[in-house]
Amino acid sequence: MRLLIVDDEPVIRSGLMMMAQSYTHKFQQIETAVNGLDALEQMTRFEPDLLLTDIRMPKMDGLELCRNVYEKYPHVMMVVVSGYSDFDYAQKCLSYGVKHYLLKPVTPPDLHDVFDVIMKSQSQGYIPVSRYVEWVERIENSIWLLQEEELQKIIEELKEDCSHLSAAQLKGQLLDAAVLLHKQFQEKNRVINADLTEDFRSSSKAELFKEFEERLQTVMMDILVVRRGNFKDPMEEAKTYIDNHLSVDISLKEVADMVGITPNYFSTLFKKMSNETFVSYRINKRMEKARELLAIPHKRTVDIAAEVGYDDYPHFTKTFKKVFGISPSDYRESLGMK
């Protein structure tokens, strides 16, 4: 489990860090932040499982921080630390999913008791955050790519991973996943009519999974309707984009964004479908283009290098020879050109 401690007082922040480090069950990672803004910035690169925050802080207080975390990272658990005079204020965090409070001064037994409750609830009724995020990413990609078989495979994995949960716990997990998925589609401007954030009506585990799957199928149908049958293979779109931009250094992320797939998934899918990596494909295409241009007598080799994206001429000749086993000048000689 990963922990983020947020407090503007260095002494208190250090004390909470020491208490957390002395907890029986060691945290995988512990980071600190000096206020809410700092915490949100850190969460873009370090996503904790648990947030421990003071309520009174400059720039962004604990209440506003909890609201942001609740909206952007709904799976992160939150513990609020407050003084007696702030307790009523801190209780407003209830609407942001905060279930645990600590009154100042915080002692190691106080903090460790809360950690115990959280650890127990996690082991009994929750899924590791890394696994949870992986589900959402894979579901999103399979829906966007209209991969029904892949989606069904993920659902079966979900059923296995959630087999230890009660119906009530499963309902919460699936709703959290649905809400996060809905936000992912919205953030990427992907048009869907279905509202994934509605509460589930079912009460049994089998029916909950059925309802969840039906929602995902509805989203897939929405995407099909929007595309009106004009769906293009994302790998072919990606290759066409690469082929048309050989003269510039485009990144894997840029191409992934263009076809609407997360970079990690795009990289894996590209290699699987093309039997080569994104980088090797682009190099080979550049060299193929260079070989075509070298057959045109009036074109200078240095200009051809630039035309396929190589400002460093020696690097171009080295790469060409590595791919074809012959230098550009020797290749031209083989064509009877000097």
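Student: Which helices each supply at least two residues of the lining of the second largest pocket?

Tutor: α3 (62–72), α6 (129–144) and α8 (167–187) do, and α8 gives the most, with 4 residues. Helices here are DSSP runs of H or I with at least four residues, and strands are E runs of at least two, numbered from the N terminus. By the way, this is a predicted model: local features need pLDDT of at least 70, side-chain atom pairs count only at pLDDT 80 or more, and totals for chains, interfaces and linings use all residues. Residues are numbered from 1 along each chain as its sequence is written, and side-chain values use heavy atoms, leaving out hydrogens and water.

Student: What makes a residue part of a pocket's lining?

Tutor: An atom within 4 Å of a pocket point. On a 1 Å grid over the protein atoms alone, a pocket is an open set of points with protein on both sides within 12 Å along at least five of seven lines, whereas in a cavity a 1.4 Å probe fits but cannot get out. Here 17 residues line the pocket, with E47, K72, Y73, L180 and Q184 nearest its centre.

Student: Now the sheet. What makes β3 and β4 a pair?

Tutor: Pairing takes at least two DSSP bridges. β3 (residues 50–54) and β4 (residues 77–82) have 5, in the parallel sense, so they count as paired. In one of these strands, β4, M78 is the bridge partner of L51.

Student: And why are β2 and β5 edge strands?

Tutor: The order in this open sheet is β2-β1-β3-β4-β5. β2 (29–33) and β5 (100–103) each have a single partner strand, so one side of each lacks a neighbour in the sheet.
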